[in-house]
Amino acid sequence: MGFFDMFRSKEHRVKLSNLKSMIMLALADGRLDEAESRVIAAVCGRDNISMEELNRCLKEPDSVEFIAPADPEAQIKHLRDLVCLMICDGNIDENEMKVCRVVAHMLGFRPEVIDALLEMTIKDIQEGLDMK
C-alpha cells in the first residue's frame, strides 16, 4: 500500500484496485487503445479517481494494493467493468480473457463458474449495447 493510501477510505482503495485491474487488462494485449482509454476515463469519473491517481496506477501499478470488494454487488460491478473494457474494442484477446479469469478468481468467484459467468456477462453487455 502506498503512503497516501493510508489516508484514503477502504471504499476508495477498492476503487483504485478496480482501476489497477482494468489497466492490467487493457495492457494484456500489449497496447492501450483509444476505446479502452475512454472506458477507463469513464470509470475514473464515476468513481472520483483523480488524474494523479490514474497516472500512479499506470506508472507504478505495484503501489496499488488489490482489495476485493466484500459486497457481492460490488464484485459483480468490478467484473462487469472488466468485461466492458475487454469488449470495447470489438476484439476479445485471449490474454485479456486470462486476466479477467484471474481477477474474477481474486474477487472470490469459484473457478468452476468463472467461464460461464464471463460468457453471460459478455452476452448481457453486448445485448445491452445492441439495444441502444
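**Notes on the core, the charges and a surface patch**

1. For a salt bridge, a side-chain nitrogen of Lys or Arg has to lie within 4 Å of a carboxyl oxygen of Asp or Glu. Asp-33 counts as buried at 19% relative accessibility, while Arg-31 counts as partly exposed at 44%. The labels work like this: buried is under 20% relative accessible area, exposed is over 50%, and partly exposed is in between, using a 1.4 Å probe and protein chains only.

2. Before going on, keep in mind that this is a predicted model, where local features need pLDDT of at least 70, side-chain atom pairs count only at pLDDT 80 or more, and totals for chains, interfaces and linings use all residues. Residues are numbered from 1 along each chain as its sequence is written, and side-chain values use heavy atoms, with hydrogens and water left out.

3. How many salt bridges does a search of the whole structure find? The search finds 10. One of them joins the side chains of Arg-101 and Glu-94, at 3.2 Å from N to O. Salt bridges with shared partners also link Asp-29, Arg-31 and Asp-33 into one network. Back at the Arg-101 pair, Arg-101 is partly exposed at 28% relative accessibility, and Glu-94 is partly exposed too, at 44%.

4. Glu-11 pairs with Lys-15 in another salt bridge, with 3.4 Å between the closest N and O atoms. The two sit 4 residues apart in helix H1, so about one helical turn separates them. Helices here are DSSP runs (H or I, at least four residues), and they are numbered from the N terminus. Glu-11 itself counts as exposed, at 55% relative accessibility.

5. Glu-96, in helix H5, deserves a look. Glu-96 is buried yet has no salt bridge, and the nearest side chain of opposite charge, Arg-31, is 5.9 Å away. (Lys and Arg count as positive, Asp and Glu as negative; His and the chain ends are not counted.) What does Glu-96 touch, not counting residues up to four places away in sequence? Its contacts (heavy atoms within 4.5 Å) are Leu-25, Ala-28, Asp-29, Glu-36, Met-86, Asp-89 and Asn-91.

6. Now the inside. The largest nonpolar core has 33 residues, and Leu-19 and Ile-40 have the most contacts inside it. At least two residues of this core come from each of helices H1 (10-27), H2 (34-46), H3 (51-59), H4 (72-87), H5 (94-106) and H6 (111-131). A nonpolar core means buried Ala, Val, Leu, Ile, Met, Phe, Trp, Tyr and Cys residues joined through side-chain atoms within 4.5 Å. Leaving aside neighbours within four places in sequence, Leu-19 contacts Ile-40, Cys-44, Ile-49, Leu-54 and Cys-57.

7. Ala-26 is also in helix H1, and it is buried at 0% relative accessible area. With residues up to four places away in sequence left out, Ala-26 touches Arg-31, Leu-32, Glu-36, Ile-40 and Leu-85. The C-alpha atoms of Ala-26 and Leu-54 are separated by 13 Å, with the two residues 28 apart along the chain.

8. Finally, the surface. Leu-27, Leu-32 and Leu-58 make a nonpolar patch of about 220 Å². Leu-32 belongs to the loop between H1 and H2 and is partly exposed, at 36% relative accessible area. Patch residues have over 30% relative accessible area and no salt bridge, with nonpolar side chains (Val, Leu, Ile, Met, Phe, Trp, Tyr) joined within 5 Å and like charges within 9 Å. Areas come from the Shrake-Rupley method with a 1.4 Å probe, and for residues only the protein chains shown count as cover.

Notes:
Lys, Arg positive; Asp, Glu negative; His and termini not counted.
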